[in-house]
Amino acid sequence: MSNSDELRAKHYNEQEPRPCGEAECDEEAHTQQQIALAGWQAGNRLRADGEEDPLRIGVYICRCGGNISDVVDVERVAETVRLIPGVTIAKVHTFVCSDPGQHMISNDILEENLDRVVVASCTPFLHEQTFRGAVARGGMNPYLYEHVNIREQASWAHKHDPEGATAKAIRMIAGAVGKLRYAQPLEQIKLPNHRRALVIGGGLAGMKAAADLASRGIKVLLVEAGTRLGGHLNQWGKVYPSERTAAELVAELTQRVQHDPNIKVLLNSRVTAVSGFIGNFKTAIESRHHSASMQSRAEVTVGAIIMATGFRPYVPRDGELLYHSQPCVLTMPEFIQLLSSVSPDTKKLTYHQQAIRKIAFLHCVGSRQLDGVHEPGANGRLNTYCSRTCCTTILQQALAVRRRFPDVEVFDFNQDIRTYGRGEENYYSEASKAGVVFFRYNGEEPPQVHRTPSRRISNGALTVTVKDALTWGQELEVAVDMVVLGTGMMPGQIEDLIGQMKLATGEDGFLQEVHPKLRPVEVAVNGVLLAGTAQGPMNITETLAAAGAAAVKATAMFAKEDVEVHPYVAQVDPALCHGEAQCVTQCAYEGALKLVEMEVDGEIVSRAEVNAGLCVGCGACVAVCPHRAINLNGWRLDQFEAMVEGIATDLPQPPCASELVSIH
Ligand SMILES: Cc1cc2nc3c(=O)[nH]c(=O)nc-3n(C[C@H](O)[C@H](O)[C@H](O)COP(=O)(O)OP(=O)(O)OC[C@H]3O[C@@H](n4cnc5c(N)ncnc54)[C@H](O)[C@@H]3O)c2cc1C
C-alpha cells in the first residue's frame with residue numbers, strides 16, 4: 001500500500017461507523033466492505049522483485065456546468081471514490097474538458113505520479129479523445145485511461161432521482177477503477193499504407209473528391225458505371241443558387257479530372273469485389289468496352305475508398321397522381337428536360353402539340369411519406385425523410401416558367417416550404433412577386449390529381465384538388481394543363497458494394513456516417529469515406545463540401561507512411577488455443593481470424609491468428625472460445641470481471657468531514 005492508501009485505510013478503520021446522509025453503516029456491512037475492498041487490491045501490479053506496486057489512480061469528476069452536478073452530488077461521489085484502494089486523488093471540476101481541466105490532469109500525472117486516470121463526465125463520443133490527449137501530454141500511456149459517462153447515463157437518465165443518480169455514478173466509477181487495475185499500456189497499430197484512392201462514382205461528388213486528392217499528389221482511380229462523368233447534373237439545366245448551367249459545372253470538373261496525371265478514369269466500370277483493410281484494400285474492377293462488346297477485369301490495391309455513388313430520383317408508381325396514365329403528368333427531371341429543350345425565342349409553351357397555359361407543381365412526391373397515407377415502395381419502405389432539394393428546385397422552375405412565359409399561370413401545392421440554403425429563400429419571394437399562386441395542404445391530406453370532366457376540359461385536362469390551409473381548409477379545385485411532380489431522392493442501388501464492404505445504412509436507406517457532427521464523412525469501416533448524395537439528399541453546395549471533406553480525410557490518412565488504427569483488436573494466446581476454430585466460424589469479418597499452422601514442442605498444430613487490419617474488435621470470438629484463449633485488447637476478460645466486481649461492491653459511506661479537493 002502507498003502511504004496515502006495506508007493513511008486512508010487507517011483513517012477508515014479507526015472511524016466509528018457514523019451516519020452519513022440517510023444511510024447508516026453498520027458493523028457487519030463495514031466488515032464486508034473491508035473484505036471486498038481488500039479483494040480489489042488484487043489488481044495491483046507485481047514489480048520485478050515480486051513485491052506489489054500499488055496503483056496510483058486519479059479520478060476526475062465533471063460538473064459539466066450543472067448538467068451533471070444539478071442532479072448528481074458530485075462532491076459526495078468524489079469523497080466516496082477516494083476511499084477505493086488505489087485511488088490517489090479524486091477531484092471535482094466544473095468543466096474537465098476545458099483547457100484548465102485538461103492541464104489539471106496532465107499536471108497531476110506528473111506531480112502526483114499517477115499511473116491510471118478515470119474521467120467521469122459526458123459521453124465518450126464527445127471527449128474520450130480529448131482526455132486521452134491530456135493523459136498522453138502528462139507522459140502516461142493514453143490507454144491507461146477510462147471514460148465514464150455520468151451525464152447521459154446518470155444525471156440525464158435519472159434527473160428525478162438525485163440519490164439514485166449519485167449512487168449509480170459512484171458504482172460506474174468504481175467499475176472503471178476496477179477495470180483500470182488490469183489495464184495494460186497499448187499502442188496504436190501500424191499498417192502498411194498504399195498511397196492511392198479509389199473513388200466509386202463519377203458524379204459531382206466523385207469528380208470533386210478525385211480532383212482534390214490529385215491536387216495533393218495522391219493517385220486516384222475514378223470508377224464510373226455510366227458512359228460519362230457528371231452524374232445527374234447531366235440532366236439539369238440552370239442550377240440554383242448560382243444559375244450557372246449544370247453543363248458548365250460538369251465541364252469544368254471533367255476538365256480537371258481528365259487532365260490530371262494523378263487521376264485515371266474508368267467509364268462503364270464497376271467494382272465487383274472489395275476485401276482487405278485501411279491502407280490495403282484489394283479491389284476487382286470490371287469494365288465494359290462498347291466497340292468490342294468485351295469485358296476486362298483489373299485488380300487494384302488502394303489505401304482508401306470514397307463512396308460517391310449518388311442517388312436515384314424517385315419514380316412514381318404507375319397511376320400515382322395519374323403518372324404514366326396522363327401524358328401531361330411529369331416528374332421534375334422530365335419537366336427540367338422539357339424546359340431545357342425549348343429554344344430561348346419560343347414564346348408559347350407546348351407539349352405534345354398542346355398549348356400549356358396552366359401548370360401545377362406538387363411538392364413532396366416520394367418524400368416525407370406517412371404511414372396510412374402513402375403506399376410503401378418496392379422495398380417495402382416509406383420514404384419518410386425530406387429530400388431537401390425539391391422545394392428550391394420547384395420554385396426555381398416555377399419562376400423560370402413565369403419569366404419566360406408570362407401567360408402561363410403557375411400553381412404551387414406545398415405542405416411547407418424548405419428553402420434552407422443561402423440565397424434560396426429569394427426564389428420563394430421572387431416566385432411570389434412573379435405571380436405564382438400558393439396552396440398549402442396538411443401532410444395527411446395531400447393534393448390529388450384527376451382527369452377534368454369533359455364538359456369543363458377547356459380549363460385544362462387535369463384537375464388538382466386540395467384542402468387549402470391558407471383559406472382555412474376550403475376544398476379547392478384547380479384545373480391545369482400540366483402537373484409537375486416534385487419528386488425527390490432515393491438511395492442508390494449499391495447493395496453489392498454495401499455487402500462487400502459491410503457498410504451501414506440509415507433507416508432512410510442512404511449510407512450512414514459514424515457521427516453526423518463529429519465524423520460526418522466516415523463510416524464504421526476504417527478507410528472508407530462518404531462523398532455527396534450517397535449519404536443522403538444534398539444540394540450541389542453541400543455535395544461539393546462533403547466531397548472536399550472526404551478528400552481532406554483521405555489526404556490525412558495518406559500523410560503517414562503507415563496507417564495507425566486503434567489497438568482494440570482480438571489477441572490470441574497460442575499457449576491456450578486448441579485450434580478448434582469456434583472463433584473463426586463466429587467471426588463476421590472475412591479474413592480477420594484464421595487458423596494457421598505452427599510448431600509447438602516439435603509438433604505441427606493449428607492455432608487461431610488475428611489480422612489486426614481486419615479485426616473490428618467486436619468481441620464475438622472472445623465469447624465463444626471455451627479455453628479463454630482469445631481476448632480483446634483494452635477489454636480483456638479479467639478487466640470485465642474487475643469492472644463487474646467494482647460495480648457490484650458496496651462502497652463505504654465517506655467520512656463526513658473528509659478533505660475534498662473541489663476546483664471551480
Ligand atoms: C430534380 C433535381 C434537381 C436538382 N437541381 C439542383 C440545383 O439546381 N441546384 C443544386 O444545388 N442541387 C440540385 N439538385 C441536387 C444535385 O443533383 C445533387 O446535389 C448532385 O447531383 C449530387 O451529386 P452526386 O455526385 O452526389 O450524385 P450523382 O449525381 O447521383 O452521381 C453519382 C454517380 O455515381 C455513379 N454510380 C452509381 N453507382 C455506381 C457504382 N456502383 N459504380 C460506379 N459508379 C456508380 C452514377 O452513375 C453517377 O454518375 C437537384 C436534384 C434533383 C433531384
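Setting aside neighbours within four places in sequence, A531 is in contact with A205, G206, A209, I306, M307, A308, V521, A546, A547 and A550. These contacts come from a predicted model. A531 also belongs to the largest nonpolar core, which has 127 residues. Among the residues with the most contacts inside that core are A209, I306 and A550, along with A210, V483 and A531. The element that gives the most to this core is helix α14, spanning residues 540-558, with nine residues.

In general, most peptide bonds are trans, and most residues other than glycine have a negative phi. The peptide bond from Y240 to P241, however, is cis, with omega near -5°. P241 is found in the loop between β10 (238-239) and β11 (244-245).

Positive phi values turn up in loops too. H324 is not a glycine, yet its phi is positive, at about 70°. This residue sits in the loop between β17 (311-313) and β18 (329-331). H324 counts as partly exposed because it has 13 C-beta neighbours inside 10 Å. K502, likewise a residue other than glycine, has a positive phi near 55°, and its place is the loop between α13 (495-501) and β29 (528-530). With 15 C-beta neighbours inside 10 Å, K502 is therefore counted as partly exposed.

Key. Residues are numbered from 1 along each chain as its sequence is written. This is a predicted model: local features need pLDDT of at least 70, side-chain atom pairs count only at pLDDT 80 or more; totals for chains, interfaces and linings use all residues. A nonpolar core is a set of buried Ala, Val, Leu, Ile, Met, Phe, Trp, Tyr and Cys residues joined through C-beta atoms within 7 Å. A residue is buried if 20 or more other C-beta atoms lie within 10 Å of its own, exposed if 12 or fewer, and partly exposed in between; C-beta atoms are placed from the backbone. Helices (H or I, at least four residues) and strands (E, at least two) are DSSP runs, numbered from the N terminus. Two residues are in contact if their C-beta atoms, placed from the backbone, lie within 7 Å.
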